[in-house]
Amino acid sequence: MTVEASALYDIPGPKALARHRLYGGIALLLIAALIGWVIYMLFHTDQFTYEKWMAFEYRGVQELLLRGLGNTLKAFGWTVLFALPFGALFAAGRLSDHRVVRWFATLVVEFFRAMPVLVMIFFVFVALKAQPLWALVAGLVLYNGSVLAEVFRAGVLAVPKGQREAAYALGMRKTQVMSYVLVPQANRAMLPAIISQLVVALKDTSLGFLITYEEFLHAGKLIATNLDYDLPFIPVVMVIAPVYIGMCLLLSWLARFVERRSRRSPSARGGAPVVKAGVAMGLPPSAQQ
């Protein structure tokens, strides 16, 4: 059996493979030891006692968590609804041929991208007297929308320059070039970065508990600091953390699903299939006459 050589690294030999297996085994043992130590400490500090978990049996606690989860999803939904158009609008502004529009869009994007999210949330909540939900959504939209504007702009600029020049040579206007040539090609390249930023926005909804917005983390905090349930901080974390992780994994799965669909779409595959050119033996037709 022949092994193809790699341009990036040499194919490891028998001694190198044995050494890699040894390193892998040691790493697995260290990880297993760390996990075992964490589980031991959880039992040692009585984190799995009935007193610390009995809170989750009560219907009121379950409804509090579900209501908090619903509020988290509501804030995230409004953020996505406004952040994507915000990013697209200011990305178009940064790509504009008009200097004033380009400078204004750049100023807005750079300012809100540099501002801490929590500062913007508190400013809207305290200075503008907004409701907790809209203060949270406004801060998340301004920050994540500015980051998405840079993602959109970078995706459009990443399309080969020849595509733009060919479209202009066909007589297309700039709006048509953006809509029919550049953006469709940039979508697939931008999708991982867009989903990654949406995951950040989902996690940042947890900042709402600082302005008394009753989201998922706020509900968990109310349960964890309850003396009647023996301050079940670790059990609350063990319940809330998998939910956040699951929602982030769901967004990643959605991104892969959309990417697979885009690969199967006719616009992604191209137009009509190209017939493979055949090779005919003998003289060309003109020479045979």
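Which helix gives the largest share of the nonpolar patch? I looked this up first. Helix α1 (residues 14–44) supplies that share, with 4 residues. I took helices as DSSP runs of H or I with at least four residues, numbered from the N terminus.

I noted the basis of the entries. The model is predicted, so local features need pLDDT of at least 70 and side-chain atom pairs count only at pLDDT 80 or more, while totals for chains, interfaces and linings use all residues. Residues are numbered from 1 along each chain as its sequence is written, and side-chain values use heavy atoms, with hydrogens and water left out.

Entry: surface patch. I listed I31, I35, I39, F43, F48 and M238 as the residues that make a nonpolar surface patch of about 550 Å². Patch residues have over 30% relative accessible area and no salt bridge, and nonpolar side chains (Val, Leu, Ile, Met, Phe, Trp, Tyr) are joined within 5 Å. A salt bridge here is a side-chain nitrogen of Lys or Arg within 4 Å of a carboxyl oxygen of Asp or Glu. Areas come from the Shrake-Rupley method with a 1.4 Å probe, and for residues only the protein chains shown count as cover. I31 lies in helix α1 and is partly exposed at 48% relative accessibility. Buried is under 20% relative accessible area, exposed over 50%, and partly exposed in between.

Entry: aromatic rings. I found 10 aromatic pairs in the structure. Rings of Phe, Tyr and Trp (its six-membered ring) pair if their centres lie within 6.5 Å; planes under 30 degrees apart are stacked, over 60 edge-to-face, and the rest tilted. F48 and W53 are stacked, at 6.4 Å centre to centre and 5° between the planes. F48 is partly exposed at 35% relative accessible area, and W53 is also partly exposed, at 27%. F111 and F112 pair edge-to-face, at 5.1 Å and 80°. Ring pairs join F43, F48, W53 and F56 in a cluster.

Entry: cores. I used sets of buried Ala, Val, Leu, Ile, Met, Phe, Trp, Tyr and Cys residues joined through side-chain atoms within 4.5 Å. The largest nonpolar core has 48 residues, and L65, F76, F90, L182, I194 and I223 have the most contacts inside it. Helix α8 gives the most to this core, 13 residues. For I194, leaving aside neighbours within four places in sequence, I listed contacts (heavy atoms within 4.5 Å) with L84, L148, V151 and F152. A second, separate core has 13 residues, among them A135, L140, L207 and Y213.

How values were computed:
Buried means under 20% relative accessible area, exposed over 50%, partly exposed in between (1.4 Å probe, protein chains only). Patches are made of residues with over 30% relative accessible area and no salt bridge: like charges are joined within 9 Å, nonpolar side chains (Val, Leu, Ile, Met, Phe, Trp, Tyr) within 5 Å. Helices (H or I, at least four residues) and strands (E, at least two) are DSSP runs, numbered from the N terminus.
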